Amino acid sequence: MVIMAASTSSLTFQPILERIAEEIGRTPGRGRPADYIPALAACDPRAFGMAVAELDGTVYGVGDWREPFSTQSITKVFTLALDLAREGDELWEHVGREPSGNPFNSLVQLEYENGIPRNPFINAGALVVTDRLQTRTGDAAGELLAFLRAESGNPSLDFDKDVAASESTHGDRNAALSHFMASYGNIDNPVPVLLDQYFRQCSIKASCADLALATTFLARHGVRADGTRLLTRSQAKQVNAVMLTCGTYDAAGDFAYRVGLPGKSGVGGGIIAVVPGRCTLCVWSPGLDERGNSVAGVAALDRFTTLTGLSVF
């Protein structure tokens, strides 16, 4: 079967998703789950789900697309949007917008860049954004959860206490990053408070359907599901741009080359992606490559943009 991409306005996503799932099912290598977070280590690396959400809320899915999973770093996109909406360009005085070229939990660059993280999606940058949202709301993780519930239409979304506890137990590197940035005056809140908020944020469980729907405000250029505006059009462009260049750790160049969409991955195996003005996607498969991205997830998004012709390029 050949699916032509000549008329994207008349695309039917369901057969495309089914074709991708069939192809992924025949793929032998799926990577390994994140074993440094014990609560994630037991996930089946061959699990697979994928969803596409159109701007009117219509959702298509295949496989385990309604199975909740640990969102992890995917939540950094939403925290960034929530803080950017509140403080605007002042945020960029505290965190950069450049790819890091280093692992997502690296301490290396912070010292010679005076405690300013390279971008909001490496751990150091996400800690700064969470800290600033905490200062403005008093409960950054709670603000994030409320936003995800509203945008996904799923009021049952919640934190996973076991995952949060597991990350806290094994969170020495994030604590080191926070204390180091605090020494440069780039953290406002007490580090234990910040870490509690950050670990809760990363522990939220959601499905591909939930996350595809929650991301559609970026495809609508900043407009939420209820029609209100969260971000200006320019700010939505900024978030999408940083997702494209920094959203998949130090594999962002390869992801842009293969997929051609703004995307953000998490070590729980999920990846969200945005087709501005058209739709959003979420794919989940827990087996990761050496850079922390879902092997099957990247392959599925690669096939999606190839089959549909939907890309920002």
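This is a predicted model: local features need pLDDT of at least 70, side-chain atom pairs count only at pLDDT 80 or more; totals for chains, interfaces and linings use all residues.
I take a salt bridge to be a side-chain nitrogen of Lys or Arg within 4 Å of a carboxyl oxygen of Asp or Glu. Residues are numbered from 1 along each chain as its sequence is written, and side-chain values use heavy atoms, without hydrogens and water.

**Count.** By this rule I get 14 salt bridges.

**Glu54 and Arg278.** I looked up this pair and found a salt bridge, with the closest N and O atoms 3.5 Å apart. Glu54 sits in strand β1 (residues 49-54), and Arg278 lies in the loop between β6 (270-275) and β7 (279-284), 224 residues apart. Helices (H or I, at least four residues) and strands (E, at least two) are DSSP runs, numbered from the N terminus. For burial I use relative accessible area: buried is under 20%, exposed over 50%, partly exposed in between (1.4 Å probe, protein chains only). Glu54 is buried at 14%. Arg278 is buried at 17%.

**Arg136 and Glu87.** Here the closest N and O atoms of the salt bridge are 3.2 Å apart. The pair links helix α5 (residues 123-137), which holds Arg136, to helix α3 (residues 75-87), which holds Glu87. Glu87 is buried at 11%.

**Glu151 and Arg224.** I find their side chains in a salt bridge at 2.7 Å, N to O. Glu151 is in helix α6 (residues 140-152), 73 residues from Arg224. Both are buried.

**Network.** Salt bridges with shared partners join Glu87, Glu90, Arg132 and Arg136.
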